[in-house]
Amino acid sequence: MALAQTYKGDALTLEQGWHMPDRGTVGIAFLIVTESALFTIFVVAYLVYIGKSLNGPMPKDVLDLPIVATICLLSSSITVVFAEHALKKGHLGAFKLWWIATIALGLEFLTATGIEWHKLIYKDHLTIRTNLFGTTYYSLVGLHASHVIVGMVFLLLVMGVTFAGFPIQTQFRRVRFLSWYWHFVDAVWVVVFTVVYVVGR
Amino acid sequence: MALLQGLGAALPEHRVANIFKPLATPAQSEYHIALLVLAITGAIFVVVAGLIVYTIWRFRRRPGDDAKQEPPQVYGSNQIEVAWTVIPILIVFVLIGVSARVIASVQNASPPPQMLKVTLIGHQWWWEVRYPDYGIVTANEIHVPTASATYLELQSADVIHSFWVPQLAGKTDLIPNRTNYSWIDPREPGVYFGNCAEYCGTQHANMLLRVVAQAPEDFKRWAAEQQKPAAENAAFQSLSCVSCHTIKGTPAKGKFGPDLTHLMSRRTLAAGAIANTAENLRQWVKDPQAAKPGSLMPSLQLTDQELGQVVNYLESLQ
Amino acid sequence: MASIDYPLERPRPKEGEFSFSETLYRWVATVDHKRLGLMYIVTALLFLVIAGLMASVMRLQLAFPNNHVVGPETFNRLFTMHGTTMVFLVGMPFVAGLSNYLVPLMIGARDMAFPRLNAFGYWIFLFGGLLLYFSYIGGGGLSGHGSAPDVGWFAYAPLTSKAFSRGASTDFWILGILVAGIGSVASALNVIVTTICMRCPGMTLTRMPMFVWVMLIDSWLIIIALPPLTAAQVMLLIDRFLGGNFFNTQAGGSAVLWQHFFWIFGHPEVYILIFPAFAILSEVIPIFSRKPLFGRAAMVGAVVAIGFISLGVWAHHMFAVGMTSWSNTFFAASSMLVGIPTGIKIFNWTATMYGGKLRLDTPMLFCCAFLLQFLVAGLTGIMLAVSPFDWQLHDSYFVVGHFHFTLIGGLVFGLFAGMYYWFPKATGKLLCEKLGRWNFWLFVIGFETTFIPMHFLGILGMPRRIYTYAPDRGWDFWNLVSSLGVIAQAAAIALFIWNVIDSIRSGEKAGDDPWDGWTLEWATSSPPPEYNFEKLPVVRSSRPLWDLKHPHDPDWKFEQ
C-alpha cells in the first residue's frame, strides 16, 4: 500500500509545483524580529528615564546632533543596495566599488561615535555611572554601535574574500541577507537618533 | 510588664490570618468580590469538570468493543464554537466590571483629613513605624485606634517589601524611591498578624508585622507613653549599639536599626522572630545570629558584665 | 513521482559495533534533529530530577513549624535554583526537544532548516545550565559571599544590586540564563523557519498537524518574549559590573522597571511552557478517542489569540506595586480575556472525546488528568486576575498552588502523555503499560496531596518563600499534608525512570505505528532513519495516514 495510490488526484499539487519560501529569507526576517524586541526594551528604558537623572550633565548640555554621521550611515544603506544590484547583474567592479563605499561610510559613523564618546567622557565627564542619562545613553547607543560593528565585520569579510578572488556572485543570497541586516541596523539608528537626540534632548 | 498589660496584652490575638475572615473594610471588599468570583468559578468548575468526567466515563472503550470499528468522524461545529466563545466572554465582562468597581473603591478612597497617618518603612528584615503627627518612632507593631481609619504611607529603606495583614487589607509593596499608600480600619480591638509578602532576602520569613488595634482612649494613652523620652545610660552609650539604634532623649541616634526608646512595650524581638522575654532579650543581644541567622545585627562579643548592663538598661525602656 | 511509499521493508540505521568513543562522538557531533531532540529531552529530565530533589528538601523543611533541616540561606538558594531550573532548564528544553524531534517528522521534512544552528542551540543551552550550576562552586566570588544565587527566579531589583547581593552568585544566574536563552531563541527561530519553509508537498498551513501549529506559535512567543529578559539582564550586568544605574534606586532608578521588563518576558513565558502540553494533547486526544480534533480552526485561532493576548497581560504579576487603578483594571481585564481562548481549547478537547471510543491507555490517562487539573489552574488563574482578590492572594501559597497546577498538573502531565505516546517512535519499544498506570496514579495522588493544600495555606495568610513559620499560625497541618504528597510524586518519577530504562532494554517491540496514528511520523520506521523519509510524502488533508488507512472515507473529501 502506498500513499501514492491514495493520492492519485493529488498529482495536481505536484504538477503545479510545490514552492516553499526560502529558508534564509525567513530566517533573517525573524532574526530581525527578535533583535527588534531586544532594542525595544533598551529604547523603553531610555524613554522612561528621560529627565529622571538626579545630577548633571544633562542631555541638552552635552549632546550635539550627529548630523554627518547620520547622513553617512543612512547613505550606506543606499550604497549597499547599489552594490547588491551590481552583483546581481554580474558587474563585479561596480560591486567592489559600492561595497567599499558602504564600508567607508560605516567606518565614518563608528569614528564619529568614538569621537563623540571621547568628548563626553573626557570633556563633559559623563560616564556610564554618572547618572541615569549616562547609563541609558551609553547602553542604547553602545548596543546599536555593537550591531554596526557586527555588520562591519561581515562587510569586511565579504570584501576580503572578494579581493582574494572568491567568486562572490555565487553567494548572492548571502550578500543580500547581509544587506538586509545592514538596513535593519540603519532603521534602528533612525529610532535611536529620534529618541536620544530629538525626544531626549 | 504592668504597663504592657495596661496597653492591651489582653487584646484578642488573630494569629490565623484567614483572608476569608476579614475584620476591616479593604479586606471586607476583597472578601466580597472573592465570594462572587468563587461562586462563578465554582459553577464553571462543576459544569465543565462534570462534562469532562461524564465524557470520559460514557465514551470509554468497553471490553467487547470492535477495535476495528471507528466512531463517527465529527470535525466540528460552528454553532457550538460560537456558543462556548460567547458565554465565557459574557462571564469575563461581568468579572471585569465588578473588579473595576472594587479597584476604584479601595484604591481611590480619599482619606478624610482627620485620619491618623502612619509611615511604614521596610528594612531588611524589620518594619520601622513612624507617627509624624505624634513624633513617635517604633518598630514591628502598628498601633491604631479602632474608631477611625489609619492611612499608611509605605516606603522602603533598601529592597522591596510588601505590607500584608490579611484580615485588614491586601498587599501593597514597599518600594525604595517610591511611596505607596494603603489604609486599614480594624473594627474590633485586637492584634492582627501579618508578614512581609515580598521576598526581601535571607530573613524574609522572620519579618513579621502586628497591627495592634485599640479603643481610641487606649491608643491615646499608648501614644502619650511612647512620646516620653528615655533615661540616659552611660554603660550603654559607651558601646557601639548607639551607632545603629536610637533611644529618644539620649545620645543614641543610630538610624540603621529599630528605635529602642520603648522596647519593652513591644511583644516581640527581631521582627517577630522571638517573644520579648527577659531571657530571649539576653540571648538576642548576646548572639543575634542564633535566633535570626543572617540578621544584620552583629554579635558585639560583649563581656558578661557588659551584657548584663545592656540588658538591664533595655529592660528599663518601658 | 514524489510520494511516499509505505514500504514493507526499509533500510534500518545500522546499529553497528561502535566503540564507546565512536558512539560518544556520534552524539556530540550530531546535527540530526532527532538526536538533538532526544538530547534536549534527556537533559531536561536530568534537570527535572535535580529540581525535584530541591523541592523535596524544601518540603521537608516546611513539613513542621520551626524546622531546622536547612537554614535560611540554603532554603533561599533552593527555591531560587528550583524555580530557575524548572523554567529555564526543564521547561524550555522540553519545548526545544519536542519540537526538534517531532516537527520535521510531522511536516514530512528530512531535517530542521538549520541543522548546525540546531546543534549550536543545544550546546549553548547546556553550557548555560552548567554555568548556572557552577555557581555552587564559584558563586562565592572574590569576596567569599554566597554560593548559588538566592534572589529568586524573578530576581527583583534592587535585591540583585551589588549592595544587597555580594559575591558572584547573582552574576552566575544572569549569565547562565542569558546564555541558555540564546540557545532557546536559536532553537525557536529554527522551528519557525522549518515550519514555514520545509513542509512536504501538499502540507498547507491548514493541513499542518495541530502539534506543529502550537509549536510554531510557541516559537513565535519565544523570539518575542525572551529578548526583553536578555535586555533586562544585560542592564543588570551593566549595573553590577560597570556601575550603571538602571535599577539603582539611589540614583533615581526604578525598582519597578525591572518587574515590568521581567514580566513582559515572564508572563508569555508561562504560555511558552504550557504550549507543548497543548500541542501534545491536540495529538494524543484525537488518536485515543479515534476522532479528529474537534474544531481545528477554532483551536488554531485560540492558540494564535493566546500568542498575542499573552503579550499584554504581564502586569497582573504587579497588582501590589501600587499601579494606578486604571492600569490595575486594564491588566485584570486582559488577563481574564486570556481565559476565553484557553477555555475554548478545553471545550474542544472535551468535544473531541465526546462521541469517541476512548482508549484509556497511559498517554490518555495523563491527558484526562490534565484536563481536570488545568481547568482548576485556569479557574484559580481567573481568581488571581481579579486584582482586588489578588491583593490578598498575591505572593501567598495560593499562587504557588495555582502555578504548580498549571506547570505540574498541566505541563508535566502533558509531557508524560507525550513521552508515553512518542517513546515507541523514538526507541522502537513500548513503555510498560502496567508500570505506566502505577506511574500515573501515584503521580495524581502525590500531586493532589501536595498542591491542593497550598491553596488553603494561601487563604490562611501564608506568604511564599519563607523558610520557616511559627506553630501558632494555623499552617502546620496543611504543610505536613503537602509534604507527604512528595513521597508519592517521587515514587512516580522513579517508576517512570525505571520504566524507561527497562523498556529500552527489554521492552515489547512497538512496530512503526503502535497507536494507529494519523500523522506523518507514524509513516516511517521506529526509530526513524537519519533521513526520516525515503521519499518525501505528499499529503492532501490534516490526517494523511487516516486517508491512507480509509481509502473509501478519506478526510480530503471533507476538507477544502
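This is a predicted model: local features need pLDDT of at least 70, side-chain atom pairs count only at pLDDT 80 or more; totals for chains, interfaces and linings use all residues.

Q: Okay, helices first. What describes a pair of packed helices?
A: Two packed helices are described by the angle between their axes and the distance between those axes.

Q: Is the crossing of α3(B) and α9(C) left-handed or right-handed?
A: Right-handed. As for what sits in the contact of α3(B) with α9(C), its residues divide into 18 nonpolar, 8 polar and no charged.

Q: Now zoom out to the whole contact between chains B and C. How many residues does each chain put in?
A: Chain B gives 75 residues and chain C gives 76. On the chain B side, elements that each supply at least two residues include α2 (25-58), α3, β7 (161-165), β8 (169-174) and β10 (190-195).

Q: Which element has the largest share of the side of chain B that touches chain C?
A: That's α3(B), with 16 residues. By class, this side of chain B has 43 nonpolar, 21 polar and 11 charged residues.

Q: Let's look at a strand. Is β2(B) mostly covered or mostly open?
A: Mostly covered: 6 of the 8 residues of β2(B) are buried.

Q: Which strands does β2(B) pair with?
A: One partner is β6(B), residues 150-156, which runs parallel to β2(B) and is joined to it by 7 bridges. A hairpin through 2 residues joins β2(B) to β3(B).

Q: And the backbone? What do most peptide bonds and phi angles look like?
A: Most peptide bonds are trans, and most residues other than glycine have a negative phi. That gives us two kinds of exception to look for.

Q: Where are the cis peptide bonds you'd show me?
A: One joins Gln124(B) and Trp125(B), with omega about -5°. Trp125(B) lies in the loop between β2 (116-123) and β3 (126-131) of chain B. Another runs from Ala157(C) to Pro158(C), with omega near 0°. You'll find Pro158(C) in the loop between α4 (115-138) and α5 (169-197) of chain C.

Q: Which residues show a positive phi without being glycine?
A: Ala270(B) is one of them, with phi near 55°. Look for Ala270(B) in the loop between β12 (268-269) and β13 (274-275) of chain B. Asp516(C) is another, with a phi of about 60°, and its place is the loop between α14 (476-506) and α15 (544-549) of chain C.

Q: Is Ala270(B) buried or exposed?
A: Count the other C-beta atoms within 10 Å: 20 or more makes a residue buried. Ala270(B) has 22, so it is buried.

Q: And how does Asp516(C) come out?
A: Asp516(C) has 16 other C-beta atoms within 10 Å, so it is partly exposed.

Technical notes:
Residues are numbered from 1 along each chain as its sequence is written. Chains are lettered from A and ligands numbered from 1 in the order in which they are written. A crossing is left-handed if the near helix is turned anticlockwise from the far one by less than a right angle, and right-handed if clockwise. Helices (H or I, at least four residues) and strands (E, at least two) are DSSP runs, numbered from the N terminus. Ala, Val, Leu, Ile, Met, Phe, Trp, Tyr, Cys and Pro count as nonpolar, Asp, Glu, Lys and Arg as charged, and the others, Gly among them, as polar. Two residues are in contact if their C-beta atoms, placed from the backbone, lie within 7 Å. A residue is buried if 20 or more other C-beta atoms lie within 10 Å of its own, exposed if 12 or fewer, and partly exposed in between; C-beta atoms are placed from the backbone. Two strands pair if DSSP finds at least two bridges between them.
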